[in-house]
Amino acid sequence: MGLSVGLWIMIWMIVLIVAVVVEVVTNAFLSIWFIVGALVMAAVNVVFYYAGAAPLAWYVQILIFLLLSTIFLFSFRPLVMKKVIRKP
């Protein structure tokens with residue numbers, strides 16, 4: 001038997017907090033995309049929790065998290081870096 005939905009919500013909140021701390025310390029606009037991925041996965045688990053459904057398998061959750069984070073990283077980081085770092 002796997003982890004409960006409530007425990008998965010806590011796990012994604014911990015991932016989110018760690019990513020926030022890393023982003024604040026480094027300020028490289030790198031881990032901000034993992035914050036988005038963790039937030040989406042926590043929201044998915046909240047929906048599963050209130051629906052009374054079983055959580056997704058751990059490997060599915062991690063795969064979705066990594067896919068979302070990678071897509072956001074490669075899609076939006078270049079745009080953000082252009083706006084933040086302006087050449088004189």
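1. Helices are DSSP runs of H or I with at least four residues, strands are runs of E with at least two, and both are numbered from the N terminus. By this rule the loop between α1 and α2 is where asparagine 27 is placed. The model discussed here is predicted, so local features need pLDDT of at least 70, side-chain atom pairs count only at pLDDT 80 or more, and totals for chains, interfaces and linings use all residues. Residues are numbered from 1 along each chain as its sequence is written, and side-chain values use heavy atoms, with hydrogens and water left out.

2. The overall fold may be stated briefly. The protein chain contains 3 helices and 0 strands, in the order α-α-α along the sequence. Its C-alpha trace spans about 55 × 25 × 20 Å along the principal axes. Contact is taken as heavy atoms within 4.5 Å. Among contacts with a separation of 6 or more, 66% join residues 24 or more positions apart.

3. Burial is judged by relative accessible area: under 20% is buried, over 50% is exposed, and in between is partly exposed (1.4 Å probe, protein chains only). Of the 88 residues of the protein chain, 22% count as buried.

4. Helix α1 has 22 residues, and its end C-alpha atoms lie 31 Å apart, in agreement with the 32 Å it should span at 1.5 Å a residue; the expected span is 1.5 Å times one less than the number of residues. Its buried residues are Val5, Trp8, Ile9, Trp12, Leu16, Ala19 and Glu23. Seen down the axis of α1, these residues fall within an arc of 100°, so they line one face of the helix; the arc is taken from the directions from the helix axis to the C-beta atoms. The face turned away from this buried side carries the exposed residues Ile14, Ile17, Val24 and Val25. The cover over the buried residues of α1 includes α2 and α3.

5. Asparagine 27 has a positive phi of about 55° although it is not a glycine, and it counts as exposed at 56% relative accessibility. Phenylalanine 29, in the loop between α1 and α2, likewise has a positive phi, near 55°. Phenylalanine 29 is partly exposed, at 21% relative accessibility. Serine 31 belongs to that loop as well, but is buried, with a relative accessible area of 10%. Apart from neighbours within four places in sequence, serine 31 is in contact with Ala19, Val22 and Glu23.

6. Helix α2 covers residues 32-51 and reaches 29 Å from its first C-alpha to its last, close to the 28 Å expected. Trp33, Ile35, Gly37, Ala38, Met41, Ala42 and Asn45 are its buried residues, and they pack against α1 (5-26) and α3 (58-84). After α2 comes glycine 52, with a positive phi near 75°.

7. A nonpolar core is a set of buried Ala, Val, Leu, Ile, Met, Phe, Trp, Tyr and Cys residues joined through side-chain atoms within 4.5 Å. The largest has 9 residues: Trp8, Trp12, Leu16, Ala19, Ile35, Ala38, Met41, Ala42 and Phe65. Both α1 and α2 supply at least two residues of this core. Beyond its neighbours within four places in sequence, alanine 38 is in contact with Trp12, Val15, Leu16 and Phe65.

8. Rings of Phe, Tyr and Trp (its six-membered ring) pair if their centres lie within 6.5 Å; planes under 30 degrees apart count as stacked, over 60 as edge-to-face and the rest as tilted. The structure holds 7 aromatic pairs. The rings of tryptophan 8 and tryptophan 12 have centres 6.1 Å apart and planes at 25°, so this pair is stacked. Both residues lie in helix α1, 4 residues apart, about one turn of the helix. Tryptophan 8 is buried at 7% relative accessibility, and tryptophan 12 is buried at 3%. Phenylalanine 72 and phenylalanine 76 also form a stacked pair, 5.6 Å centre to centre with 25° between the planes.
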